[in-house]
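Hello,

My notes follow below it.

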Amino acid sequence: MAQEASSSTSSKTISLKTGDGEIFEIEASAAKQMKTVQRLIDDLGDDITIPLHNVFSKELPKIIEYYKKDITGEITKDFEAEFVKDLNDDEVKVLFLAANYLDANKLFEFLSQNIADRLESKSVEYVRKYFGVENDFTPEEESKLREERAWSFRGIKEDE
Amino acid sequence: MSHHKLATDRISGLPDEILCHILSFIPTKQAIFTSILSKRWIHLWRHVPALYFINKKLNSSQDIHHFNQFVKAVLHSRDNSLSSHSINTFFLDIQYDVSKLLYYDNPSSITNINNWVNLAVQSKIKYLYLYLHARLKCETIPPKLPASILSCTTLVVLNLSWFYVDKVSPFPLRFPSLKTLDLKDMNFDKCQDFMLLLDGCPVLEDLQLSYIHFIQSFRHFDFEQFENSSLRKLKRAHITDCYFHFPMKALANVEFLRIELWKGYLPDGFPTFHNLTHLAVNYDCNLAVQVLQHCPKLRNLELYPKLKYAWRDEYITKDDEELVPICLSSSLTTCTIRDFVSTTLESLIMLATFIMKKARVLKTMTIWSNRKRFSEIESKLSSFPRASATCQLSFQFINLYDT
């Protein structure tokens, strides 16, 4: 049996398995940027397929695309704008949760800003639905609070 | 469908810190209205360690008065919360009509800024952004910079626009953590004050200066006496519209430099920029090529016109022809030259061919010009012999009247 030369870290890839059973490859240097993945590698070794129960095949490729650009230092404002251009609010939310789970700081910060931008002028009802917040105010409590906060409500869109 | 429902449930299961983190990117006015989402959210906005006040429409005394009341109410609300949460970011971006403010001690004036800034400084603020814009700026003195900023040792980022600084005392440990300093439209009483400010930033990495003026004459000020030891960590510098002789030695370690040179600079005043890989400089000052002599590792060069009326001087002199800057023969890979309405076609082509003739590892030469000049530039340059076999010519179309 021929002896295999040890591969250099730069070309090493890690296998990731999503919650719905699909497998994706990423560079070891990209995996380092996702602290959760790195922790799993440290515990399980880098030859095993790393299981990611809370990330699915719909969003993982997008995340991999982001970090592919990050390790070559190519993330620019233009790239980031392009990255989220065709995503709707729900798709961004799913990516955001994945970035949080993976402890992928750079992507997390960027998506936080993007969600904030999207929600900035949306109505209360929209934001409630978006965050899955149940309105636990009585109508009286809510109207009293609205009155108190009247000074901050100028400029907010009403739901259609 | 169910995938998204799962996501929504999981977002509501996130800890407060993460929700606050999202809120920290929204202007405070919008963040406050989340307090009516549900009981859990009533106080969440108060935990956001950032305050953003953005208002471009302060056109009347009444507008200003309302704005002051709003900020006061926000600060008051935060103060009342059970565990007072510190602020690490304070961002103010306002535009007002100067003609409505006759005296600065008018109650509707913006002197409240002093109070707000003092509060921020007391909270050990790290990121401070104060952008003032006045609709009619000319012949008006900008407001005085709140003095507490000059002794705020916790600052990491300080961005200021349109203030007057009257006295800066010598204090080398003024900003021990400051990494970014961005000053625009600033008036300093004396040149010394400005230099002393820079002197107090030992770990500064990013410096942006634009429209810096000195009220008192600086004709007899020796800029070279400035101890440049404090800017050793500087990585990026951006100096435009500053008509004084900025000490070049202080920029010796930068990796990225955008600078507007003008008559005041002398050819022998440049240090060796041994880390510089990206340089953007105006070619109409007759010194651009001289500067190249001092950039041995330069990879990217941007040449653009600054002055509205180009000088009659040649952009390349005889001396330039003889001494080839090291970067041209060994490191320069991209070059961009921007055309302008008062640049003659001849000088533009001369500049481009000078570079193409000497740059041995050049990969791209990009010319920014209009469609009218494009064909002549293209025909002259594409047939010109290039020192680099891999050099590609590319064009970007622009309006020649834009700078």
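A polar contact here is a pair of N or O atoms within 3.5 Å; within protein, one must be able to donate a hydrogen and the other to accept it, and residues adjacent in sequence count only if both atoms are side-chain atoms. By that rule, 4 residue pairs are in polar contact across the interface of chain A and chain B, both residues at pLDDT 80 or more.

This is a predicted model: local features need pLDDT of at least 70, side-chain atom pairs count only at pLDDT 80 or more, and totals for chains, interfaces and linings use all residues. Residues are numbered from 1 along each chain as its sequence is written, chains are lettered from A and ligands numbered from 1 in the order written, and side-chain values use heavy atoms, with hydrogens and water left out.

**Interface**

Chain A gives 40 residues to the contact and chain B gives 31 (heavy atoms within 4.5 Å). Together they bury about 3500 Å², 71% of it on carbon and sulfur atoms. Buried area is the accessible area (1.4 Å probe) lost on being put together, summed over both parts.

The interface has 1 salt bridge (a side-chain nitrogen of Lys or Arg within 4 Å of a carboxyl oxygen of Asp or Glu). B:Lys39 pairs with A:Glu141, closest N and O atoms 3.7 Å apart.

On the side of chain A that touches chain B, helices H5 (89-102), H6 (105-119), H7 (124-131) and H8 (139-148) each supply at least two residues. Helices are DSSP runs (H or I, at least four residues), numbered from the N terminus.

**Within chain A**

H4(A), residues 77-85, packs on H6(A) at about 65°, axes 12 Å apart. Axes are lines fitted to C-alpha atoms over the stretch in contact; angles run from 0 to 180 degrees between N-to-C directions.

The whole structure holds 17 salt bridges over all chains. One of them joins A:Asp103 to A:Arg39. A:Asp103 sits in the loop between H5 and H6, and A:Arg39 in H2 (residues 35-44), 64 residues apart.

Best regards

Notes: Buried area = accessible area lost by both parts, 1.4 Å probe.
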